[in-house]
Amino acid sequence: MEKNKKLTIITTHFNADYDAIASLLAAQKLYPGSCLVLPGFNEKNLRNFFIQSMSYLFNVVNIKDIDFDQIERLVLVDTRQPGRIGALAAVAEKKDVEIHIYDHHPPMPNDIKGDYEVIQSTGSAVAILTEIIKNKNIDISPDEATVMSIGIYEDTGSFTYSSTTEKDFLAAAFLLSRGANLDIVSQMIARDINSQQVELLNDLIQAAMHNNINGVNVVISSIVIDTYIPDVAFLVQKMMNMEKLNVIFAIVQMGNKIYVVARSKLPEVAVGSILALLGGGGHAFAAAATIRDKTIAQTEQQLLEILKKKIKPLHLAKDIMSSPPITVNADVSCKDANNLLTRYNVNTLLVTKSSGTTDLLNNLVGFISRQVIEKALFHKLGESPVADYTTTEIAIVMSDVDLPEIQQKIIENKQRLLPVVENGRIKGVITRTDLLDLMVKNSINKNSQLPGTIEQYASARTRNVINLMRERLSKHILDMLESIGQIADEAGYKAFVVGGFVRDLFLYKKNEDIDIVIEGDGIAFAKQYAKLIGGRVHYYKKFRTAVITLPDGFKIDVASARLEYYKFPAALPTVEMGSIKLDLFRRDFTINTLTIQLAPGKFGTLIDFFSGHRDIKDKTIRVLHNLSFVEDPTRVFRAIRFEQRFDFTIGKLTSNLIKNTIKMDIFKNLSGRRVFSEFRQILEEENPLPAIKRMDDYNLLKIIHHDINLNKKTEKLLNAVKNVLSWYDLLFIEESYMQWAVYFLALISHTNKEMSNEICKKLGLPEALNTFFSKKRIKAEQALFDLEKNRLLSNSIIYKQLSLFKTELILYMMASAREERIQKTISGYFTKLRYIKTSITGNDLIKIGLQPGPLFKEIIQAVFDAKLNNIVKTHKDELEFINNYVS
């Protein structure tokens, strides 16, 4: 080692794995002339590969040959723990040594602090360094790309571990483009298990003990062996996959050392922070620790004590319950109670005293089931009060109890539902169905989720989508959603972003129409949020909704989580308070039921109760229940609109339900305005033709009017409208127009004035639109006829014919024109004639000696016609024309 030379030293942790070695090589590319200090290897396979194949790539020095005083920069990769870098930890404490860190492990209390740090939650550390190499256009050889690829594949389990991120995939793709040899990668990742390892794996499986800790099944396997056997972490991962475990802690004593290896698929069990208390560390999903001077029994006991403190219950009563509870007063008749069961689609009602607040525990009488009520009705006891047949022996649970106690209460008491109590009030209920759903879900191992997700909602699929949100949303929107979650949480509410905004996030379509649902008082939240940000709020008590207008004009829709029921088919919904699940159940289609939590600590957690994400991937439109179209027939229009907009397919059952709704003529109860509102939205789509054809397939156009149909002539005209509107939009004229009106004009083009008037009245259109679609349309069609009849058209005649009509009618005329010359004529009006103006004014006429009067209008019109017909061009031409005209 050259004396007095300032050194850059790169190192990693003891027991280095492939990712650590790959990170050393990548860091060497970023720091030319640096020296690598290699710690011990984690396994024989890696040591052989390094020594025999790739050692020439590394500028390795022996730590004994280094003068620590010459080190001016220390670079740490895949670690920042002082206890894992040996003697170099002393160098890290020197104030005159610059520390650079590249790591993907979560922070620990005693982490080394760097002068320059790149810390990211990726599946592999080398992926972080690869991205930097790519961005700096640093050249790497195929052998270097191969070594770095091995690190990524090993630390992500060939991209199967839940810790794998998009950056790992992108890094691997880049390395492949630089010549990485996947045959070598495959050879190194595929590990043969020797006879000793097979025996160790078998011992681990046989020694496995299942522990229920706060509702979470944790497997602890403790064994003692005489000799050191490598690759324990690999064997533990293999056992986890073979036995389909969610959480495992393997405690293996080899000689005088105890090795603890942990793996977890559950966010409730962050093994990195757990083993940190045993002197180890790692990620939330994979960690290890080495323990000395303790027996295996002591280690196991200490681990159990830590687990009981650190593991949060997987399912608490407040997380599983349905809220609010559906109650009935004790003096209500069995007949009316049966109506409540049907209205809310439940099988059991809590029975409460009629006096006081019904949600108080003191007012709880018991419960009554659908079976009991139906028997009472069968025996002609419909007018009897439910109190006569209520089950009064009823167990309850507090909101913070865990799953085992809930199971015990429901099973031992044979209760159909279990009231959940908090602060003396009934906050919700847990039904036998809720419990069964949860138990089945747990038994088939559906708890495997990405780190960071919170499974709070029983029977819902959850996943963390924060990375997708960061990728797709602007910082402005993300910050706004986080502030909504924060303020709602401080007010004691739960906030969610729902509906089309979430759907379009997965469809990669821009949508900044933000719909917020609050579990609690949405209006109160909206007022508080608007006050804090200096915005305005408009609210609607009947529907428990509000609109917040931000200072920059951006609007946010807020609603209280609510349930809706319909008093009769096609009625407007009656709204009551509800939970997020009940709120989503009232929505039209599964693809619109996705919701994302906004609360701090849970921000970015997708909740999918009704398999909406699956239907988005399958490109299918499905309703949530079979009476969906009966309750709200306008959903038929939306089903068609979404199907065509997203290139989806209406599911077979949903399609049959649409046909049945039309067959039953449920639409007769709809107001014309509601029909028109939905139909107008279809006509406002970028290309409404496929949706109109789909409506015709379902014989749905007759709902608009019995005389509207899609024959070949109408279809041809609609296509012409589409082409004309596409042409007009390309002119980029800063003038808005009603696209839907042009298509609607085409659909009613065959009707006379009386029939179109009838259609407009049926749809509840305002008088101005009625006149537009009937009288003015007829006049436009007559004007078009006159233009087509006249073979010699001057510009002034064209202007007089077309300037009488609004843009929508002129576009309709252009689409309806049978001759190309007329289309060109109308095109010329749009692009040229409509912008022509004269420069003369009344003052000019006075200056040349003319007296104000009716003659002024005649002269100005004559000049305008002359300019339209290219007879005059300049101001001077106009004055000469006036002199000649007057003479």
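Glu-72 is partly exposed, with 37% relative accessible area. Here buried means under 20% relative accessible area, exposed over 50%, and partly exposed in between (1.4 Å probe, protein chains only). This is a predicted model, where local features need pLDDT of at least 70, side-chain atom pairs count only at pLDDT 80 or more, and totals for chains, interfaces and linings use all residues. Residues are numbered from 1 along each chain as its sequence is written, and side-chain values use heavy atoms, with hydrogens and water left out.

Glu-72 sits in strand E3 (residues 71–77). Helices (H or I, at least four residues) and strands (E, at least two) are DSSP runs, numbered from the N terminus. Together with Glu-98, Asp-115 and Glu-117, Glu-72 forms a negative surface patch. Patches are made of residues with over 30% relative accessible area and no salt bridge; like charges are joined within 9 Å, and nonpolar side chains (Val, Leu, Ile, Met, Phe, Trp, Tyr) within 5 Å. Lys and Arg count as positive, Asp and Glu as negative, while His and the chain ends are not counted. Each charge is placed at NZ of Lys, CZ of Arg, CG of Asp or CD of Glu. Accessible areas come from the Shrake-Rupley method with a 1.4 Å probe, and for residues only the protein chains shown count as cover.

A positive surface patch is made by Lys-753, Lys-775, Lys-776, Lys-779 and Lys-806. Helix H32 (residues 767–789) gives the largest share of this positive patch, three residues. Lys-753 belongs to helix H31 (residues 753–762). Lys-753 is partly exposed, at 39% relative accessibility.

There is a nonpolar surface patch too. Val-372, Leu-381 and Tyr-389 form it, with about 200 Å² of accessible area together. Leu-381 is in the loop between helix H14 (370–378) and strand E15 (397–398). Its relative accessible area is 31%, so Leu-381 counts as partly exposed.

Now turn to charge pairing. Side chains of opposite charge can pair when their charged atoms come close. A salt bridge is a side-chain nitrogen of Lys or Arg within 4 Å of a carboxyl oxygen of Asp or Glu. The whole structure holds 29 salt bridges. One of them joins Asp-504 and Arg-503, at 2.9 Å from N to O. Asp-504 is buried at 5% relative accessibility. Arg-503 is buried as well, at 4%.

Arg-638 and Asp-588 also meet in a salt bridge, at 3.1 Å from N to O. This pair links distant parts of the chain, 50 residues apart: Arg-638 is in helix H24 (residues 635–646), and Asp-588 is in the loop between helix H21 (580–585) and strand E26 (595–597). Arg-638 is buried, with a relative accessible area of 14%. Asp-588 is buried too, at 10%. Both belong to a salt-bridge network that links Asp-588, Asp-632, Arg-635, Arg-638, Arg-641, Arg-674 and Glu-678.

Another salt bridge pairs Glu-820 with Lys-824, whose closest N and O atoms are 3.5 Å apart. The two residues are four apart in helix H35 (residues 820–831), so about one helical turn separates them. Glu-820 and Lys-824 are both exposed.

The side chain of Asp-168 reaches the backbone nitrogen of Gly-123 at 2.8 Å. Asp-168 lies in helix H6 (residues 166–177).

Backbone geometry comes next. Ser-323 and Pro-324 are joined by a cis peptide bond, with omega about -5 degrees. Pro-324 is in the loop between helix H12 (317–320) and strand E12 (327–329).

Asp-231 is not a glycine, yet has a positive phi of about 65 degrees. Asp-231 falls in the loop between strand E7 (216–225) and helix H9 (232–243). At 14% relative accessibility, Asp-231 is buried. Phe-732, also not a glycine, has a positive phi near 55 degrees. Phe-732 is in the loop between helix H29 (712–729) and helix H30 (739–747). Phe-732 is exposed, at 66% relative accessible area.

Lys-857 is exposed, with a relative accessible area of 70%. Lys-857 and Gly-842 are 15 residues apart in sequence and 9.0 Å apart in space, C-alpha to C-alpha.

Conventions
A polar contact is a pair of N or O atoms within 3.5 Å; within protein, one must be able to donate a hydrogen and the other to accept it, and residues adjacent in sequence count only if both atoms are side-chain atoms.
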